[in-house]
Amino acid sequence: MNTENKTVKFKIKRQITPDSEPFWEEYEVPWKPSLNVITLLMAQNTDPITNNGSKTTPASYDANCLEEVCGSCTMIINGKVRQACTALVDKLEQPISIEPMTKFPIVRDLMVDRQRMFESLKWVKGWVPIDNSSPVGKGPNISSEEQQKAYNFSSCMTCGCCLESCPQWSSDEAFIGPQAIAQAILFNTHPTGKSLESERVQALINNGLNICGNAQNCAAVCPKEVDLIGAISEANWQATKHIAKSFLGKH
Amino acid sequence: MNKKTKIAIIGGGLAGLGAAMRIAEMSAEKKDIIVQLFSIVPVKRSHSVCAQGGINAANKYTGDSTYQHFDDTVYGGDFLANQKPVQKMCDSAPDIIDLFDRMGVPFNRTSEGNIDRRRFGGTLHPRTAYSGATTGQQLLYALDEQVRRYEAEGLVEKYEGWEYLSTILDENGICCGIVAQDLISMEVKAFPCDAVILATGGPGQVYGRSTNSVSNNGLAVISLYHQGAKYANGEFIQVHPTAIGGDDKLRLMSESARGEGGRVWVPGDASKTWIDQEGKERPCGETGKPWYFLEEKYPAYGNLVPRDIATREIFQVVYELKMGVDGRPFVYLDVSHIAKEKGIEYIDRKLKGILEIYEKFKGVDPRQVPMEIFPAVHYSMGGLWVDDETHMTNIEGVFAAGECDYQYHGANRLGANSLLSCVYTGLEVAGPEAVKFAKNRLKPASETALEVLEKEVNKQKDFLDKLLNLSGPENPRKLHLELGNLMTENVTIVRENKSLQETYNKICELEKRFWNITIPDKGNWANQSVRYAHQLYYLFSLAKIITLGALQRNESRGAHYKPQFPERDDDNFLKTTIAIYNEASNAPILSYQAVDTSLIEPRKRDYSKKSAAATKVKN
Ligand SMILES: Cc1cc2nc3c(=O)[nH]c(=O)nc-3n(C[C@H](O)[C@H](O)[C@H](O)COP(=O)(O)OP(=O)(O)OC[C@H]3O[C@@H](n4cnc5c(N)ncnc54)[C@H](O)[C@@H]3O)c2cc1C
Ligand code: FES
């Protein structure tokens, strides 16, 4: 096969500032084996020229690890929310459409502001409350099964796919969303982390846990296969117990 | 004193977060210190998340000892590391693992529920604690969580999406603040502070493509070098034996694959030969059968020889023996037998993270077929010179921790020792020492005259404006590609003086061309183009330090290998290389400093024999 003239066609939804109008630009670059969407963005940044030959600016985007472990490069590619670094060009229909996530405030081009996800980790006290870092010996013994379960929740890279796909979540509304719920469950399951269980559950209740409509989109798009459905149902169960307890405590 | 002490930490990888956690903890009672944490990326997305294999600490159960860990580290580093700090680090390692265990890191477990260990390169002991094949991510998250807790209490202020540009020095040359830029609004601002810790990670971008992340650009460190900081052992760059290619990045296949029993091989060819330690000529395996060349050449350590050795062997098999798979520059890294013998569930529990990377990028399942791998630039043993005890650079008030400092790993780092050195230096050394310095300084940074702050801010602004206005014919990204290729071809596995000299001259030419680039975006909002050029500007200086260091070191030691000088030369080069920036010539000036070998007598490295690990202790 003659690969000399083979090209890749793609388009990017651009937006230069948060309050300016978005617009689409199309590009065409030479094909090579094993390209991913990041390499397309690099090509666009190197020679910022649209496919009708007009000069443009390099499209801004976030990326760091380039191996799907940092969560930076999340965007919508051919209509699906995912990481650009593992989106292989040869597996995508062309022209490949690349756009920013829609649920987070736009910064510029493909960059969005996901600070809200880190904030919600504060609301649920997403940490193990150790006394301090003095050397006081090892942690609690943990079985291999418990470890595997914790590892699954702990591989969440705060990428935002679950929130983007959730019909109930938006960055300015009440629902805290599956990402933070799963982290609350992670720490509620830890032998030391448990001590904050009721505070975490209360935070989930205050932040719209019951708004989840069980659409299950989140689990379908999670690149790390975090058990979000399991986490939500566990959270609901913990909330039921918590409400019952505080009801009994009050009367 | 009514003003609070301020400490700026630049970088939120393991080293930066470790320092932030410890300092916040030290201030928890009196609330007298504020940590200002700066990072290009949200700290939870720092490069440390890439670390796969694990973290080293001696443990009692396998006959290991902290002394053995110390000896393996010094020996693996070919005796170039100052020994006292290495010993302290190895002694602290077990407590560091305990701490992470308490913070909830899901380390893999034994059947009793203890932390499991695997073997890594350069040791005969299973010493490496791990969390699947994403250990760095899990360790980083644990620190990120603790730091968030302190952030919620008001002890830590985060500046994510800010880039450190330079340090502000007072009239006595003492640090009194930093200048940083908001990468979205592009605002450049001074932050007065009583001490600074640089924890900005490795400099992989100088090679264009490496296993490093995009943010590993070296800007902070080289900017400090331009302000007078010493840079040490720059020529010691680790090339990891096992990675896969890519146009954007070279992706690591962790040493843990070999730690779990993975084997490196190429199809054998009995018509070719190699010379063993005793000078005997031996065939390169049996034709038609796999030749496990590392196992045959290094019976004691096998596939787990240190990285410098594995890398050179692979290079030799591919380029000198011309035995790469199907004549291409690859060898096999094979874990398929583990999947067959112990099952998919078993191998996934241990290595899923990396197996998925291979599968996602190569479209082949490594549980079924051997992986095709080749060496890639991975880690910098060199970095900012720091004092053995305090981790302060030669600029008063500026400390360095993590991959950006030069300590611990000598001429070659052992696998799983970096996560340890990063956490150790942030948490146990630079963090507390920065507090000590900040509390005892004569004049608090808050009293710095406004002119002093503004002067440095204006200097940085002017420089950025100058860059923004560049409109020549050169393309900054293409220039970076040229620099990366030049460095990768000439200053990695095999180094020749003639080509090093040519490389140095070419770096200077590229640097001249830099001033003819165009910045394709003249805007003032999230302008990544000007930022890219700014980083590139500093890479030339870094490339010069590395290349000149390599040129002048006429010996072979650890990762630095010169066929012209194949032996280690302790008489002349058991020395730390120190580079200082000379502004007039825009070039590094090198000098050499004695290495502390007070605890273990330097001996020849020989990984073909087990006795390698037996040591004679001084005194
Ligand atoms: C693929 C891979 C796998 C690895 N696996 C292992 C392993 O299994 N075991 C092991 O021991 N080691 C491993 N290493 C090495 C180890 O991961 C790194 O050495 C270590 O993570 C470095 O940590 P750090 O804290 O020094 O810096 P990093 O984690 O690199 O963090 C640097 C921080 O500095 C910030 N920063 C940089 N410049 C600036 C600036 N100018 N202004 C503001 N912020 C800035 C960044 O945003 C980031 O927060 C691996 C390395 C790679 C590449
Ligand atoms: S760049 Fe880290 S997930 Fe893609």
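What radius of gyration would a compact globule with 619 residues have, and what does chain B have? For 619 residues a compact globule would come near 25 Å, and chain B, with 24 Å, agrees with this, the radius being taken over C-alpha atoms and the globule rule being 2.2 Å times the number of residues to the power 0.38. The model is predicted, so that local features need pLDDT of at least 70 and side-chain atom pairs count only at pLDDT 80 or more, whereas totals for chains, interfaces and linings use all residues. Residues are numbered from 1 along each chain as its sequence is written, chains are lettered from A and ligands numbered from 1 in the order in which they are written, and side-chain values use heavy atoms, with hydrogens and water left out.

The C-alpha trace of chain B spans about 75 × 60 × 50 Å along its principal axes, and the chain has 16 helices and 23 strands (DSSP runs of H or I with at least four residues, and of E with at least two, numbered from the N terminus).

Around ligand 1 there are 39 residues, of which Ser46(B), Ser48(B), Glu403(B), Ser418(B) and Leu419(B) come nearest (a residue is near if one of its heavy atoms lies within 4 Å). Among the polar contacts (pairs of N or O atoms within 3.5 Å), a polar side-chain atom of Ser48(B) is placed 2.5 Å from a ligand oxygen, a backbone N or O atom of Leu14(B) lies 3.1 Å from an oxygen of ligand 1, and a side-chain N or O atom of Glu403(B) is 2.6 Å from a ligand oxygen. Ligand 1 taken alone exposes 1000 Å², of which the protein buries 99% (Shrake-Rupley method, 1.4 Å probe).

In chain A, a cis peptide bond with omega of about -5° joins Gln94(A) and Pro95(A), and Pro95(A) is placed in the loop between strand E4 (80–83) and strand E5 (96–99). Asn78(A), in the loop between strand E3 (74–77) and E4 of chain A, has a positive phi near 45°.

Technical notes. Polar contact = N/O pair within 3.5 Å; in protein donor to acceptor, adjacent residues only side chain to side chain.
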